[in-house]
Amino acid sequence: MSLKQLNVFVENKKGALVEITETLASHDVNIRALSIADTEEFGILRLIVNDNETASKMLSDKGYLIKTTEVVGVKIGDAPGKLSTALAVLDKEDINVEYLYAFMARTEKHAYVVLRVADNAHAESALETAGYHMITDADINKL
Amino acid sequence: MQNYYQKEIETMPVEEMKQLQSEKLVKQVKHVYENVPYYRDLMDKKGVTPDDIKGIDDLHKLPFLTKADLRDAYPYGLLAKPLSDCVRIQSTSGTTGRRVVAFYTQNDVDLWEDCCARAIVAAGGTNEDVCQVAYGYGLFTGGPGLNGGSHKVGCLTLPMSSGNTERQIQFMTDLSATILCCTPSYAAYIGETLQEKGLGPDDIPLKAGIFGAEPWTEEMRRNIENTLGIKAYDIYGLTETSGPGVAFECSEQTGMHINEDHFLAEIIDPDTGEVLPEGSKGELVFTSLDKEAFPLLRYRTRDICVLSRKKCSCGRTLIKMAKPMGRSDDMMIIRGVNVFPSQIETVLLNEGYQPNYQIVVDRKGNTDTFDVNVEMNADQFTDTVSGVTAKEKALANAMKTMLGINPAVHLVAPKSIVRSEGKAVRVIDKRKLHD
């Protein structure tokens with residue numbers, strides 16, 4: 001059910017992101033969404049891509065430290081207040097969100113939110129009970 | 001009550017011991033000169049003949065052997081007996097690319113096992129004990145040495161080798177092991193595993209532990225003693241001279257008695273090679289007095305320590321060595337504390353990291369800064385910043401326990417630490433730039 005997120009350890013140095021994105025582009029990997037967590041010393045690049053397997057392999061071959069984690073992807077309406085309504089569902093269930101980022105669909109009038117929580121199944125069932133649709137890797141490939 | 005394995009030797013008056021050492025040294029130098037061309041050349045170059053060595057007071061005339069000599073002479077260059085007289089080899093790990101292979105006759109093995117037996121008896125061992133040997137068996141000297149010593153004492157020996165902690169704990173409890181022999185870090189790990197299972201010191205029958213083969217601190221000793229409910233004894237040795245049992249601790253726990261009837265110890269200035277008086281801090285040098293197959297004369301261990309003949313409450317007269325804190329060629333003093341890269345390496349291996357690290361020391365104002373960069377692998381990497389910083393903190397805490405001072409740990413990408421000629425540069429001391 002959940003969504004695969006590719007995490008890449010990035011040292012804070014010039015040109016690091018260029019090399020990563022060029023590597024992905026040269027193997028026809030399309031980035032659907034991304035976020036970066038950064039500190040003074042390093043960054044963690046989180047990617048949702050159309051082909052996780054190829055992306056993982058290409059970046060590991062280049063010597064990058066990578067890890068795939070499962071995150072929750074949920075479809076929400078593209079209107080003011082829709083994100084906070086969805087988050088309220090999780091809050092009511094005492095589900096703590098470690099981080100999140102969102103992206104827009106090209107055609108549909110929807111936004112997608114990627115959520116990192118401790119217990120994916122719990123978050124998913126809470127959101128589904130509240131009427132939300134989850135997105136999976138298969139949906140990402142169709143976007 | 002004090003027990004000894006070989007009372008006459010262990011409590012021999014010092015003058016008698018020196019006489020015994022002198023007799024053995026004269027014979028040993030002849031044996032080496034006649035049978036080891038490599039060392040004969042060194043003696044010839046120095047203009048020393050066996051006739052010049054009349055006793056231990058002449059020891060300083062002999063040339064040193066270093067690890068580089070062992071490498072040059074590999075594998076047979078320092079062998080003093082025909083292979084038909086040899087029954088065993090042991091070897092170092094070779095992690096630094098300098099594998100040492102040592103040869104043993106049956107007599108060499110016997111005397112080595114006697115040394116380990118002395119250590120077990122000094123830790124309170126008798127033939128009533130069950131001795132669990134959780135050092136590695138094989139080329140590494142730890143397992144075979146303590147195994148042989150345990151047999152000589154008459155303990156029921158559990159030849160566990162290292163690893164498989166569940167099985168260690170099962171045998172320890174089911175067969176009532178009373179003495180544990182392993183590396184201090186493995187003893188600490190067994191202790192933690194017992195705690196996770198809710199087992200305390202009263203639930204296991206252990207009373208003593210004999211721990212060595214890696215650097216450890218008094219703080220580690222106290223932790224292990226508390227979690228396992230034992231008295232923890234240090235043991236010292238090196239493959240080049242035999243293995244564990246070159247020196248061992250007694251109930252006083254104030255240094256290790258050197259089995260000096262077999263291993264003649266000196267402390268030298270590591271820079272000049274000059275012999276230093278008793279009580280001086282310097283590099284430890286050993287001369288094997290009884291080894292037949294692989295008799296090293298004046299072998300420089302690179303271990304820094306102090307020797308003492310202060311009277312010991314255990315009754316042993318054997319000279320004592322302080323716990324060596326590391327190798328002479330890479331010691332740093334940070335905030336007044338001695339720090340050796342080997343200690344950092346030990347912590348990394350204990351915590352599941354590869355020993356790919358770099359220590360950066362600098363000075364800000366009047367305080368030393370102490371940073372350790374460690375290469376991460378996929379197991380340690382997580383998708384959250386808090387996950388990575390928690391791992392850095394845990395490593396820093398483990399290092400503080402080992403060293404007594406707190407480093408700042410930074411996890412970095414694999415292969416990001418600069419390597420020169422394939423080997424990572426371990427220490428960058430920027431303080432020297434300011435002086």
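This report describes strand pairing, helix packing and the chain contact in the structure above.

The model is predicted: local features need pLDDT of at least 70, side-chain atom pairs count only at pLDDT 80 or more, and totals for chains, interfaces and linings use all residues. Residues are numbered from 1 along each chain as its sequence is written, while chains are lettered from A and ligands numbered from 1 in the order in which they are written.

**Strand β6 of chain A**

Helices (H or I, at least four residues) and strands (E, at least two) are DSSP runs, numbered from the N terminus. Strand β6(A) covers residues 110–117, and six of its eight residues are buried, so the strand is largely enclosed by the rest of the structure. A residue is buried if 20 or more other C-beta atoms, placed from the backbone, lie within 10 Å of its own.

Two strands pair if DSSP finds at least two bridges between them.

| Strands | Sense | Bridges | Facing residues |
|---|---|---|---|
| β4(A) (66–77) and β6(A) | antiparallel | six | G77(A) and H110(A) |
| β5(A) (97–104) and β6(A) | antiparallel | seven | L100(A) and L115(A) |
| β3(B) (130–133) and β4(B) | parallel | four | Q132(B) and L158(B) |

In chain B, eleven strands make an open sheet with mixed pairing, in the order β4-β3-β5-β6-β7-β8-β9-β13-β12-β11-β10. Its edge strands, each pairing on one side only, are β4(B) (156–159) and β10(B) (263–268). Helix α9(B) (residues 218–228) packs on this sheet, where it touches β6(B) (208–212) and β7(B) (231–237), and its direction makes about 135 degrees with that of β7(B).

**Two helices of chain B**

The axes of α5(B) (residues 106–122) and α6(B) (residues 142–153) come within 7 Å and cross at roughly 70 degrees. Axes are lines fitted to C-alpha atoms, for helices over the stretch in contact, and angles run from 0 to 180 degrees between N-to-C directions. The two helices, α5(B) and α6(B), are therefore roughly perpendicular to each other, a term for angles of 65 to 115 degrees. The residues of this contact divide into nine nonpolar, four polar and three charged. Ala, Val, Leu, Ile, Met, Phe, Trp, Tyr, Cys and Pro count as nonpolar, Asp, Glu, Lys and Arg as charged, and the others, Gly among them, as polar.

**Contact between the chains**

Chain A contributes 15 residues to the contact and chain B contributes 13 residues. On the side of chain B that touches chain A, seven residues are nonpolar, four polar and two charged. Two residues are in contact if their C-beta atoms, placed from the backbone, lie within 7 Å.

Key. A residue is buried if 20 or more other C-beta atoms lie within 10 Å of its own, exposed if 12 or fewer, and partly exposed in between; C-beta atoms are placed from the backbone. Angles under 35 degrees count as roughly parallel, over 145 as roughly antiparallel, 65 to 115 as roughly perpendicular and the rest as oblique.
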